[in-house]
Amino acid sequence: MSGSGRANKSGLGYEVEKKMEANYDREEAAGTPTHVVNWVNAILGSEHDPIPGTDWKSICNHLRDGVALCKLINILLKKDGKSPVNFQKKVMSPFVAMTNIENFNKGIQDYGVDRESEFQSGDLWEVRKGPFLNVINCISSLGFVANKKGVTPKYTGEIRKYLDNE
């Protein structure tokens, strides 16, 4: 068993996890996590402590309780004249964190992000590199929607498409 209390993956599960990690590595090489961190920190300003690094564990651990994400979407919703999402600032249990993450996902829908861009709370809460790509992609999609709405500072990420054989 790994240190997280979960059994190590094997077989098909292992292959899927490794492919997801490789996809994250590709996005990292392209600078997507750095673009996400820079944009989130710029939008949040003094509303929340900045994300301390651009490596996946730093980003994941900083966003894990959902508080920064809810503050982020509330800033964007306010600029768009929409109602904020509810969230709890003091997160004492995984249940509260997952509720915050679900509220963030509801907020991005209200903001205009496609439902397909949402991530599952476990993608963030479980602190695993492969599934964390879903979180990065979601925030990147949010950045593109904010750009269309004229929000500044602008999100500077790029739209990237991959072939299945990469």
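## Salt bridges around Asp 80

Lys 82 forms a salt bridge with Asp 80, with the closest N and O atoms 3.2 Å apart; a salt bridge here is a side-chain nitrogen of Lys or Arg within 4 Å of a carboxyl oxygen of Asp or Glu. The model is a predicted one, in which local features need pLDDT of at least 70 and side-chain atom pairs count only at pLDDT 80 or more, whereas totals for chains, interfaces and linings use all residues. Residues are numbered from 1 along each chain as its sequence is written, and side-chain values use heavy atoms, with hydrogens and water left out.

Asp 80 also forms a salt bridge with Lys 149, where the closest N and O atoms are 2.7 Å apart. Because Asp 80 lies in the loop between helix H4 (67-79) and helix H5 (94-111), and Lys 149 in the segment after helix H7 (129-148), this pair ties together parts that are 69 residues apart in sequence; helices are DSSP runs of H or I with at least four residues, numbered from the N terminus. Lys 82, at a relative accessible area of 34%, Asp 80, at 29%, and Lys 149, at 36%, are each partly exposed, a class that lies between buried (under 20% relative accessible area) and exposed (over 50%), with a 1.4 Å probe and protein chains only.

A search of the whole structure finds 7 salt bridges, including one between Glu 126 and Arg 128, whose closest N and O atoms are 2.4 Å apart. Glu 17 joins Glu 126 and Arg 128 in a network of salt bridges, and Glu 126 counts as partly exposed at 38% relative accessibility.

## Ser 140 in helix H7

Ser 140 is found in helix H7 and is buried, with a relative accessible area of 6%. When residues up to four places away in sequence are not counted, Ser 140 touches Thr 32, Val 36 and Tyr 155, contact being defined as heavy atoms within 4.5 Å.

## The buried side of helix H3

In helix H3 (residues 56-63), the buried residues are Trp 56, Ile 59, Cys 60, His 62 and Leu 63. These residues cover an arc of only 165° around the axis, which puts them on the same side of H3; the arc is that of the directions from the helix axis to the C-beta atoms. What covers the buried residues of H3 includes helix H1 (11-30), helix H2 (32-44), H4, helix H6 (121-125) and H7.

Definitions and conventions: Helices (H or I, at least four residues) and strands (E, at least two) are DSSP runs, numbered from the N terminus.
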